[in-house]
Amino acid sequence: MALIAHQSGLVTLLILSGAVLYMIQRARQGLKSEVRRVAGIEVIDEAIGRSTEMGRPVHITNGLSNLYSSGSPQTIAGLSVLSYVAKKCAQNGIPLITTIYVPETIPMVMEMYREASMLAGNPEWFNEYNIRYMSSHRYSYATGVQGVLQREKPAASFLMGSFMAEALIFAESGNIIGAMQVAGTAATAQVPFFVVACDYTLLGDELYAAGAYLSQDAVQMASIAGQDVGKYLAMILLLAGLILSVAGSNWLVNILKL
Amino acid sequence: MSFLKNRQIPIGITLVVGLVMLVNYYFGAALPPAKSAATLVQNWAVIVAAFALLIGLINISRIHINHLLKRTKGQWIFSLWLLAIMYTMIALGLIGTTKNPGYQWLYNYVFLPIDATMYASLAFFISSAAYRAFRARNLESSLLLASGVVTMLMNAPIGEIIWAAFPVIGDWIMVVPNVATMRAIMICIVMGSVSLGLRTLLVMERGYLGREE
């Protein structure tokens, strides 16, 4: 039995980490990395501004994944967006309704609300009744979120995290009430639904980049540039694999299987 | 001072847990202590999550009791119904576990049909979303419309009767362009999650703990 499991994965991880760390180091030395603009992230402020003008609340939900499964990075990334949205809503003095499926995030969300209200110098903004645990059963959660959207008619709705079949229920319900919707997920099966029903969609890795992008911190932004190096590496591997396969060699496939 | 304001504690926990899981994934076979530490951490996570359900129960109860007390228009009657059903289910489950006939009746004849109804409502949402997506406004949406029609006819028995090539073209769309696009997105997702993981381990990504400035 091999002492090191997933050897090719480990090598790939080390290369990717090296690229990200290199970009971070460059940023620390003052060298700015070019990061492409992501419309779905840039429009978050506009959606909150629209809600403020209309005097209607903002809604956000972070999906189904708990904090200890393979989908947890999506929840972490979604919470990062939530903290930014909470800060902006507190500054503008408009209510932010958070609907929750994963109960262990309740204390985190509550703390984000409290911090956002303090930072904005608007302690009255904090209203724990706007942090609403729905259910940890998928369709009960979907029913609850749909009810909130229909009754309270938020002008902006953010769907950021891991979703399954309920994704379309949320997106279409938001569409019916005329909310400006920004969705982000790495659940590939749900991406088409979000693209169809939402105004902007963060595709896959864009959701993971959202936290760094929203921070506008040059060092964090550099890590996004680092992940682009990984994409180039993937392209090279794909091309090499294609050429070798056509030539009848399984060498690269066997290496990557290690 | 609030617990999360003192960020060193949650950040430290994240760092240690992240490293334990990473070391276990690659070196678990060679390092038995890493494997047992990872198992321990996973068990803790399950226990913490179970306790968090209690927080959820308190959260729901507080919100809906508040609606009841305030007699919130258009809401309080639903809050009353929710609380009544929720606590009835809890009481029946506690009295005779989930095998309790009353619990079973509520689950099988109230919960499951409502659950199935919600799932079924997706058909209508898909129809309305498809109507918007498949309007041929530009080249991209026209391509989407054409491939949507072909894959629909591939799945419908009548498609093959109309033209024998529909299943072949539909299958090609699903297996070649669809899989290629999905794999490209998956590769990008992996890059993104590695980058996010690194930022979290390097204590650069702290947005999930709230914004400091």
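1. Conventions. In this predicted model, local features need pLDDT of at least 70 and side-chain atom pairs count only at pLDDT 80 or more, while totals for chains, interfaces and linings use all residues. Residues are numbered from 1 along each chain as its sequence is written, chains are lettered from A and ligands numbered from 1 in the order in which they are written, and side-chain values use heavy atoms, with hydrogens and water left out.

2. Sheet of chain A. An open sheet is formed by 6 strands in the order S3-S2-S1-S4-S5-S6 (chain A), with parallel pairing. Strands are DSSP runs of E with at least two residues, helices are runs of H or I with at least four, and both are numbered from the N terminus; two strands pair if DSSP finds at least two bridges between them. S3 and strand S6 (200-203) of chain A are the edge strands, each pairing on one side only. Direction ignored, neighbouring strands of the sheet are turned by 15° against each other on average.

3. Strand S5 of chain A. Strand S5 (residues 180-185) of chain A pairs with S6(A) in the parallel sense over 4 bridges. A:Val182 stands opposite A:Tyr200 in S6(A).

4. Helices on the sheet. H4(A) lies across strand S1 (58-63), strand S2 (96-100), strand S4 (156-162) and S5 of chain A, and runs at about 165° to S1(A). Helix H7 (residues 166-176) of chain A also packs on the sheet, touching S1, S4 and S5 of chain A, and its direction makes about 165° with that of S5(A). Contact means heavy atoms within 4.5 Å; axes are lines fitted to C-alpha atoms, for helices over the stretch in contact, and angles run from 0 to 180 degrees between N-to-C directions.

5. Chain B. This chain contains 8 helices and 0 strands. Its radius of gyration is 26 Å, whereas a compact globule of 213 residues would have one near 17 Å; the radius is taken over C-alpha atoms and the globule rule is 2.2 Å times the number of residues to the power 0.38. Along the principal axes, the C-alpha atoms of chain B fill a box of roughly 65 × 55 × 45 Å.

6. Largest pocket. Its volume is about 2,200 Å³. A pocket is an open set of points on a 1 Å grid over the protein atoms alone, where a 1.4 Å probe fits, with protein on both sides within 12 Å along at least five of seven lines; lining residues have an atom within 4 Å of a point. The volume is the space filled by probe spheres set on the points, which are joined across faces, edges and corners. Of the 48 lining residues, A:Leu67, A:Ser72, B:Thr14, B:Val17 and B:Gly18 lie nearest the centre. H1(B) gives the largest share of the lining, 12 residues.

7. Second largest pocket. This pocket has a volume of about 1,800 Å³. It is lined by 42 residues, with A:Met134, A:Ser135, A:Ser140, B:Leu82 and B:Met86 closest to its centre.

8. Loop residue A:Asn122. This residue lies in the loop between H5 and S3 of chain A. Not counting residues up to four places away in sequence, A:Asn122 touches A:Ala90, A:Gly93 and A:Ser117.
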